[in-house]
Amino acid sequence: MIRSFLKYLLFLILLAQTASAQFYYFGRNKVQYTNFDWKVLRTEHFEIYYYTEMKELAERGAQFAEESYRSHEQQFNHNISRRIPLVFYSSHLHFEQTNITPDFIPEGVGGFFEFMKGRVVIPYDGSMKRFEHVIRHELVHVFMHSKINRVLLDHRQSQDRTPPLWFTEGLAEFWSTAWDTQAEMVMRDAVLSNYVVPLNDMDRIYGSFLMYKEGQNLLAFIAERYGPEKILLLMENFWKAASFNEVMKMTIGKTYKEFDEEWIYHLKKQYYPIMAREDLPSGVTKNVVDVGFNMKPLFYNRDGKRELYFIGNQTGYTSIYRVDLDKEKPTPEVLVEGERTNEFEAFHLFQNKLDISKNGVLAFVTKSGETDVLHLFDLKTEKMQETLRFTNLVVLGSPSWSPDGNRIALSAVDKSGMSDLCLFDMTSRTLSRLTNDIYEDRDPAWAPDGSTIIFSSDRTPYGKEGYLNLFSYNVATAEIEYITIGRANFLSPSWSPDGKFLTFTSDIDGAHNVWALDMSQPKLARPMLKVTHLTTAAQDPSWTDRDEMVFTAFENFSFQIKKIRGVSSLLSSASEKREFRFDVNKDPWEAPRLESSSIEADYRYAGDYKLDIAQSQVSTDPVFGTSGGAAVAMSDVLGNDQYYFLIYNTAQARSEFLESFNIAISRISLGKRANYDYGIFHFAGYRYDLTDPDVYYYERAFGGYFVLSYPLSQFRRFETGVTVSSSDKDIFVDPVPRKALLVSSSCSYVADNSLWGPTGPLDGSRTRLTLAYTTDVQHSNVSYYSIIADYRNYWRLSTRSSLASRVNLWYNDGKEARRFFMGGSWDLRGWPRWEIRGQKIWFMSHELRFPFIDQIGIRFPFGGVSFSSIRGALFTDVGGAWDSEYTDTKGSIGAGIRFNLGGIVVLRYDIGKRIENNMAKFQDGLFYQFFFGWDF
Amino acid sequence: MGLLKLRNRGTVTSLLSCIRKADSHRWLCLAIFSTLIFLASGCGSIRIQRSLAPKPYDWLTYGGAPSRTNESFSTVMPPLKPMWEYDALAGISGTPLVKDSVVIVGTLRGELHAINIATGNRMGYAVMESAVSGTPVWDGGYVYVACALGTETLLCMSLRDGMRRWTGKYGPIETSPLVVGEFLYVVTLDGVLECLKKADGLEFWKYELGEKDVRKPVRSSPATDGEVIVFGSDGGGIYAVERLSGKLRWEYQATTSIFATPVLSNGMCVVGAIDGVLYALDTRTGELRWKYETGTRIFAPAAATQKQIFIGTADGKVTALSLESGKKLWSFSCRSVVSCAPLVAGDILYVGSQDRNLYALRVATGEKLWQYEAPGRIKVSPVIWGDMMLLTYEDRYIAALKPVQQ
C-alpha cells in the first residue's frame, strides 16, 4: 500500500516538478513577466497561436508554415492528418517564458517540437529568413515523427522507437536550409582540426551543434552519392530492423563503419585543399585568452593602460572581462559578473557587442527581468552609472556611442518582433526610431566623424535568401545608402581610429573573414580588401591604437580572441580584392503574408485542454496486498493550466472499499507571474510512519491545500501555502485513535543561482528558509511550529573544481511535532540511511569537488562503451538530532567518486570513517556506501 | 470464427476478461484458450473450396493487367456510398485482387486476407514470412505472393486448400509479381529479374542488373506487353528484357531513381522518375518519344488508355497527357499528395489522394464529377469489380462502395 502510494506520489511529484520549476525545493524560476493576449489563427494545416502585438508576424509565419507544409508533404510522401499547433513568440525573451516545456530554454535554442501533443514552438529573432528556416526545421520533425509512426503502425510494430538524433536533427537541417557559412565553418574546423566524429561514434556529441551539422552534412552526402530518394527510404525502411545501422545497410548498402570511411575520405578531399590558400587561426595568430568562449573584443586605452574588454564564459557564467593587452599571458579580470543576479541575467554572448564612449563609459546590454536593458558602466570610477530600460522594446543589441558621447545607436526588437535601429539621446533622454520595417537591422557602428551610422541589414534583393549587406544611415537626412551589395553576408562593421577604413566580416569567399573598405575613396572606386585568410571564421573585428586589430576566431570548436599586428601593411598589400556593382536592382525583397482568404478563423484563445498522460497500474505487495489506480494529467495548449488526477484503491475486501479510497485532484496555474497550485485530496490506508518505523497505523486524511509561488526574479522567490486536513489516525499500539483537523501554513524564501557541473553545483549559492505552523483546530491534539533553514554555497577553485558547503537546521517544536530523519549518502554519510531521527536536526557538510577521470573507454570486439566526467570528492559531515535534549554529535569523513549516467542519474561511491561517540572516536575500519543522487 | 476474431483483433484483454468471468472453471478455460490461440497463431489459412467463375472485370494483378494500365473493364457511376468496411489490422500497400466475389489482399504485417466482397466478412487469412509490400498475383486457383524480408520471400499458395505449393528464396522483394502464360516474373530488391515456371517455381532464366556489388535496388514492378518485361531501378535505369529469352532488349537511363511501375500501352512505355519527369519510350526500341516535367515528385504509376495517360504527382495534381505526343490535356488539383495510380473506368477517372478524398473526374476534360471523403489517407489505387469499388485507406481499411441508385 505505502509502496504503491509512494509510487503514485512520486509519479505525481515528478509530473508536478516537470510541470513547474517554481515548486521545487530549490531551483530557478521561469518567470512569467509578460501578460500575453493569446489569439488563434486557423489556416488549412495549422492552428497558429500568437499575441495581438505580433499579428503581422503571425501572418507571415503562417505563410512560411503553409509553404513548408506543401514542400514537406512532397518530400515525405506523407501528410499530417490534424492541424498542427504552432505557437509563435515575437522574441526569444518571450519564448523563454513558455510553459509548453518545463525546462529553461537556453539562448541558442531556436524553437522546438514537443511530440506528446505535437506542438511546435518558435520565437522570432528579427530575421525573416531565420524564422522561415526554423519553421521548416521544426515541421520536418513533425512530418518525420508522423511518418515514422505511420511506418511502424502499418507494419504493426511498437511505436516506441525513433531514429537516432543525428538523423532527425540532420534531416531537419538538410530539408530546411541550404548549407551556409556557419555550417561550413563547423565542418571545416572539424576536418582541419581533426575532430570529425564518425557516425559510428555519434553518441559522443549527442545533441550538440556539431552533431546537427555533421548530420546535415552526411545526409547531403548520402543524397549526392546514393540519390536523394535514399533519405526517404531510410524512413520507409525503418521497420525492417531494430538498429538504424541495419536500416542504413539495407537502404544504401553500407553499415555505419563502411559509410564513415567513405564520408570522412570525402570530407578530407573536400577540405584539405583549402589549407593551400587559407590558414588555421592558430597557425597565424595567438590567443589573447585561452579558457572558455571569448567574444566581442573591444580595445580601450584607460589612462595609458591598453586594455581589452570582452564577453566570455570561462567560469561557466557569462561575464564581461578585461585584460591588459600588453601582457604576454594576461589573466582576465571579471568586470561585470553575469548570470547570478536579476540585473545581469544574460549577456547574449553571441549577439551583442560592447562599446566605450570617449569619456570611458562602457555600454552593454543584458537581459534583466522582462526585457533587455542598456547598462552604462563608468570605467574611471568602476561603478555602474545607470541602467536604461525602454518601454515597448524587448530585445536590445550592440550599442554604439556617437563620437561626442551624447548619443547611443543600438538595434532593438519591439513586442511586434520587428528589428530596427534606435537612437538614444543622453541629453534629452529620448529614444527615437531610425528604421521601422520588417527588415533586420543590426550591428550599428557610428562613424568617427559622427555623420553616419554604418549597419548591417537584409534590406536588399538578396535579403530573402538571408544575406545581410552594409548600409550607411545619414544622421542628418535619415537617408539610407548601400555600402556593400552582393549575395553574401557583411557583418560587424567597425571603424579604424582615424576613420579611414571600415572593417567588417564577410563570407563572400565561403568563410567569414575580415575585410576592409577605404572610406576615403569614392564609393564606386573602393574595392573590398581582404585582411584575414582563415579557414574557419573571423568575427567582430575591432581596432586598437597601434595599427593592430583584435577579432574572434573559431577553431577547435571554440571562439577565441586573436590579435594581428601591422594592419595597414596588410591592407596596402592586400592581394584579394572585390568590387561592387551598384548598378544592379537594389529593390528590397517583400516578405510574403498569408492571404486573408486562406485564414479560416481568427479568434481569442480560450484554453484548449488535452491529455498529457494517462496511466493505470495494479500492484501487488506481499505485505499490503493488491492495489490499483490511475493517474491522469492534462493541460492546455500553452501549458499554462495543468490538472492532475490521481485515484487508487487499496481495499483488500469489499467492506474496505470506501475507507481505502484515495483520490487527489490538483490544478497548477503558471500563466501569470504569481503561480499557484491548489487541490483536494482524500488519502486512506495502512501506513508505516517513516520517522517511526515501529509504528504501523491506519490513517484517513482528507482536505485541501493552496500554494502560491511568487518569483522575485529568475533566482529568488517567495512561497506560501496552507493545507487544511482532517486526519483520523488509528495507531495499533495506541488504544485511543487520534483525531485532528489540521491546519498547516508555511512561508518560504528560496534563492538559487547555482551553476551545475556534471554531478552537481560548482558555483553560486542556494538558500531556503521556511517558517511553518501546524495546529489541530478541532481537538487541539497537534500544535507545533517548524523552521527549516538550508544554505549552500559553492566556492569555485578552478574551472572544474570547487568547495561546497552547506548548513541545515530542521526544527519542529510543539505538541505531536513530527520528527525529521537523516543518515545515508545524501546527508550524514557513513551512517545508516534515515537512522538518525529527531524533531530537531542540524547538519553541516563540506565537500571538495574535483575532476577525477575525464574518460574511461572499454572496447569490446562487438563495440565499445565509455564513461566520461568521473568526478572525485573529499568530504566531511557533522550533525546531530534530538527531541528535547541534545545528546550526541555525529560525523564522518571520507572520499568518493561520482559519475553521471546519461544525464538522468548520478551514481556515487564513498569510502570513509564515521566519527562516533560524540565526535570522540573514529570508526574501526571503513564504511563503503554506494548510492545515487546529485551532489548537494 | 470467434477464435479468429480474438486473435486478429489482438484483444488479449478480452481474453483475460473471458477467463476472469469464468471464475469457477478458470484453469480449464485458460487451457482451452491457450490451445486455441496456439492453433490460431500457427494455422491461419485461406480455403476457398468452391470453384470460382472468371469474369471479364476480375482484378487479378497489379494494375489490372500485365501491362499495368490501371484500366477497369467495368465502371461505377458516382455518387457511391460505402457498404462495408474491413479492417486488415495492418497497413496495405498493394491493391486488392478480386475474383468471383472473393477479395485477396496482402498486408504489411505479412498476412494475406480473403474477404467476401458481398458482406465484407473475412473468409480466412494466411501468414507470410514478412510484409507484403507489393500486390500478389492471382492465377487460376493460386496466388503468388512476394515478401519484403526473410528467406523464403516468394511463394505460390493454393486457394483451394491453403497449402503452399512451392516457395523460393529470392531475397527481399518489394515489387508485384507478374504472370504471363506459364511463367511468373518477379524483380527482387537486389536487382534481379527472375523468370520462374509458375507450376513449380523453378528458375527458367534470370536477368541481373550488373554485378552484385554495383547493381541498384528495384522497387518498380515489372510490366509486359507480351514481348518484353519492363521495369525501372533506383539507379534510374529503365530495362526491357525479352520475355522468353531473358535477354536485354534495350535500356534507357533516366536522371534519377524510378520507384513507379511502367505502364505499357499502344506500343509505348510510360514511367515517372522520382524527380518528376515522366518518360514515354517506344516499347520495342526504348527510344524516347517524349518526356514531361511535372516539377514535383512521381511516386505512383500512371493509368493509360489507348490515347491518354494520367499521372498523379506529389504536389497533388493529376495531369492528363496525350499518349502520342505528351501534350498536356488537362490538370486537376487535389489538396495533397497523389501517391497511387489513378483508375480509368470508362469515361470516369478515379483518383485517390492523401487528402483523404476519392475524386471522380471526367476522362475527357478533368471536370470533377464527384468526390468522397474517406476516413483516412488514400495511398492505394481503387479497384472496380462489377458494380462495386474497393477503396483502401489509412492504410489498413478497405471499404466497398456502390452507386447510390442501386
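How many residues does the contact take from chain A and from chain B? The contact takes 11 residues from chain A and 23 residues from chain B. On the side of chain A that touches chain B, the classes are no nonpolar, six polar and five charged residues. The model is a predicted one. The points below turn to helices of chain A.

**Helix H10 of chain A**

- Helix H10(A) covers residues 256-271, and its 16 residues should span 22 Å at 1.5 Å a residue; the end C-alpha atoms are 22 Å apart, which agrees.
- Phe259(A), Trp263(A) and Leu267(A) are the buried residues of H10(A).
- These buried residues fall within an arc of 65° when H10(A) is seen down its axis, so they line one face of the helix.
- An α-helix has 3.6 residues a turn, so residues three or four places apart point the same way.
- Lys257(A), Glu261(A), Tyr265(A) and Lys269(A) are exposed on the other side of H10(A).
- The partners against which the buried residues of H10(A) pack are helix H6 (181-192), helix H7 (209-226) and helix H9 (244-252) of chain A.

**Helices H5 and H7 of chain A**

- Helix H5(A), residues 165-174, packs with H7(A) at an angle of about 70°, and their axes are 7 Å apart.
- Because angles of 65 to 115 degrees count as roughly perpendicular, H5(A) is roughly perpendicular to H7(A).
- Residues of H5(A) that make the contact include Leu165(A), Trp166(A) and Phe167(A), while those of H7(A) include Met211(A), Tyr212(A) and Leu218(A).
- By class, 10 nonpolar, three polar and three charged residues form the contact of H5(A) with H7(A).

Conventions:
Residues are numbered from 1 along each chain as its sequence is written. Chains are lettered from A and ligands numbered from 1 in the order in which they are written. This is a predicted model: local features need pLDDT of at least 70, side-chain atom pairs count only at pLDDT 80 or more; totals for chains, interfaces and linings use all residues. Helices (H or I, at least four residues) and strands (E, at least two) are DSSP runs, numbered from the N terminus. The expected span of a helix is 1.5 Å times one less than its number of residues. A residue is buried if 20 or more other C-beta atoms lie within 10 Å of its own, exposed if 12 or fewer, and partly exposed in between; C-beta atoms are placed from the backbone. The arc is that of the directions from the helix axis to the C-beta atoms. Two residues are in contact if their C-beta atoms, placed from the backbone, lie within 7 Å. Axes are lines fitted to C-alpha atoms, for helices over the stretch in contact, and angles run from 0 to 180 degrees between N-to-C directions. Angles under 35 degrees count as roughly parallel, over 145 as roughly antiparallel, 65 to 115 as roughly perpendicular and the rest as oblique. Ala, Val, Leu, Ile, Met, Phe, Trp, Tyr, Cys and Pro count as nonpolar, Asp, Glu, Lys and Arg as charged, and the others, Gly among them, as polar.
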